[in-house]
Amino acid sequence: MASRTFVAARLPGFSTIAIAVFIALYLPIAMLMIYSFNAGDSIAIWDGFSFQWYERAWENDKVKEVTIRSLIIAASAASISTVAATMAALATTRKKPFRGQTGIYVAINQPLMVPEIVTAVALLIFFASVKVATGYQGLGYLILAHSAFCVPFAYLPIRARLEGMNLTLETAAADLYATPWRTFRYVTLPILAPGIVAGMMLAFVTSLDDVVITLFVKSAGQDTLPTYLLAQIRRQVTGEVNAISTVLLALTVILLTTFFLLTRKRS
Amino acid sequence: MQETEATREAAQVRRNWLLSLPALCLLAAGAIGPLFIMLVYSFLTPGKYGNVEWIFSLDAWRGILFTRDIFDDTLKLADAHLTIFWRSVRLSFMTTVFTFVVGFPTAWFIATRAPRWRAFWLFLITIPFWTNLLIRTFAINQIIRNEGFLNTALIKIGVISEPLNLLYTDLAVFVGMTYVYLPLMVLPLYAAIERFDHRLLEAGYDLYASRLAVLRRIIFPTVKPGIIAGSILVFIPSLGAYVTPRILGGGRNMMIGNFIDLQFGQGRNWPLGASLSVLLLVVVTAALLIYVRFANRDGGHG
């Protein structure tokens, strides 16, 4: 005890557990990534480095098809939900509380509280009737469902940005006879922009990752990248799935890093 | 003067509603409205080839706990259903407890780093939280499957001669859920510990408290809101889990989510699927309401 100073915040074993947790958190993902570069078929025996699984995935027309579909859905859902969320955030932040405001807030955050499987089943039931009634089988159902569950993911960063915003600039603009629209366009929007971009990116990532709701809403032949991967995992595991997963993980990490840089508080 | 003030305020409120309208419409059509339709479906009769016939029936609600004997038409307790419910609750509870046991030291570790390093460690926890749940579950599947890394390594070093059948067991589902939901426990715990006043620790030690006593009597009570938040955030998605039990539990080790799915596939019993979903929704909402009451009460006192 004489040689070591007593640190009150240190609890024995905590750091060891924490380091073990970080290793356990990253090891499986790291293995998956490493074996996507394996020259052999195995997921446990290393046969040398190769890009063969990436080449195979790239040449696979089905992979191309589902990737494009995923990107179309994610881009549409992120755009739609971000516009709706920005408007809702402007209406519910920095305003004198009004009747029903809490209701709007709860409704917007509803997708975060309800288990995905429940929403998925409810949408399956609802859209089954709509499909029969209208005969429409297109991507619209998936885009609507994704836009809905993306709303809170777009809303929260925008709201956070708005709450941190100073009212003075807008008041100054109004004092200089700027119309509410011009004030919004030239003052509020530019300051709000990082929050909007951040919200849109979270919405995009959330849509891109969705499995459960997509699985229940999609019509035949509307597989997205995650539902395609799920079907592949059920069949046989090849390095191709690892290669696609690695690309998807890399994309997520790039978007998230950008998100953190955008929302980082300047000190 | 006062009247114009009132009309201006009314116009402002109207504008707020108009601005919220697109988001509310999206959610009404794509998330909330269908829940009510699902409630209606839980009172209908299953159609022969899926979907429903519009005949009122309470069978779907009875069917949660009972099955009708095909020979003498009597009601019997559905053992298979009870097994699935029990597995769901037990695995979700185990996941919550274990994520707390390893998540608390992790959150403590992050919160006691130098401020400029904290963001880095926190980022390391946040990345898995945002990366694809399917891929993370799949990564666990690859590690523990028979020809996977763990078994290959154990055989190579001679600990075992035959691969351990880890995949498609309850244990695999438990490990998988702990892995994917751990960040949901660490983040609220960290938020609570970060606000913790470390002078309380010194005060405790000055009064000759042991490390354990400090942990139990000072740290846990102070960060209780974080513990409750983390537990709720882990328990709720665990109870409704679908992807993880599907990939790691296989067809035999179903949880409620997979059981609901079954009713819309081979089961061809949409009303039962609907009633099970409503039940799950009610349980989750109840858990959330209890949490909100707890959180408000704690907030009120402190």
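In this predicted model, the loop between strand 1 (45–46) and strand 2 (52–53) of chain B holds Asn51(B). Although Asn51(B) is not a glycine, its phi is positive, at about 55°.

Arg268(B) has 16 C-beta neighbours inside 10 Å and so counts as partly exposed.

Turning to how the chains meet, the contact draws on 69 residues of chain A and 70 residues of chain B. On the chain B side, helix 1 (residues 2–41) supplies the largest share, with 18 residues. The residues with which chain B touches chain A comprise 49 nonpolar, 17 polar and four charged ones.

The largest nonpolar core has 149 residues, and the members that touch the most others are Val121(A), Leu123(A), Val151(A) and Ala154(A). Helix 7 (residues 170–194) of chain B gives this core its largest share, 17 residues. Within chain A, residues of the core come from both domain 1 (18–50) and domain 2 (62–263), so the core lies between these two domains.

Leaving aside residues up to four places away in sequence, Leu123(A) touches Ala145(A), Ile213(A), Phe216(A) and Val217(A), together with Pro34(B) from chain B.

The two domains of chain A can also be considered as a pair. The domain assignment divides chain A into domain 1 (18–50) and domain 2 (62–263), and the C-alpha centres of these domains are 31 Å apart. Each domain contributes to their contact: eight residues come from domain 1 of chain A and eight residues from domain 2 of chain A. On the domain 1 side, the residues that touch domain 2 of chain A are five nonpolar, two polar and one charged.

Definitions and conventions. Residues are numbered from 1 along each chain as its sequence is written. Chains are lettered from A and ligands numbered from 1 in the order in which they are written. This is a predicted model: local features need pLDDT of at least 70, side-chain atom pairs count only at pLDDT 80 or more; totals for chains, interfaces and linings use all residues. Two residues are in contact if their C-beta atoms, placed from the backbone, lie within 7 Å. Helices (H or I, at least four residues) and strands (E, at least two) are DSSP runs, numbered from the N terminus. Ala, Val, Leu, Ile, Met, Phe, Trp, Tyr, Cys and Pro count as nonpolar, Asp, Glu, Lys and Arg as charged, and the others, Gly among them, as polar. A nonpolar core is a set of buried Ala, Val, Leu, Ile, Met, Phe, Trp, Tyr and Cys residues joined through C-beta atoms within 7 Å. A residue is buried if 20 or more other C-beta atoms lie within 10 Å of its own, exposed if 12 or fewer, and partly exposed in between; C-beta atoms are placed from the backbone. Domain bounds come from an automatic or database domain assignment.
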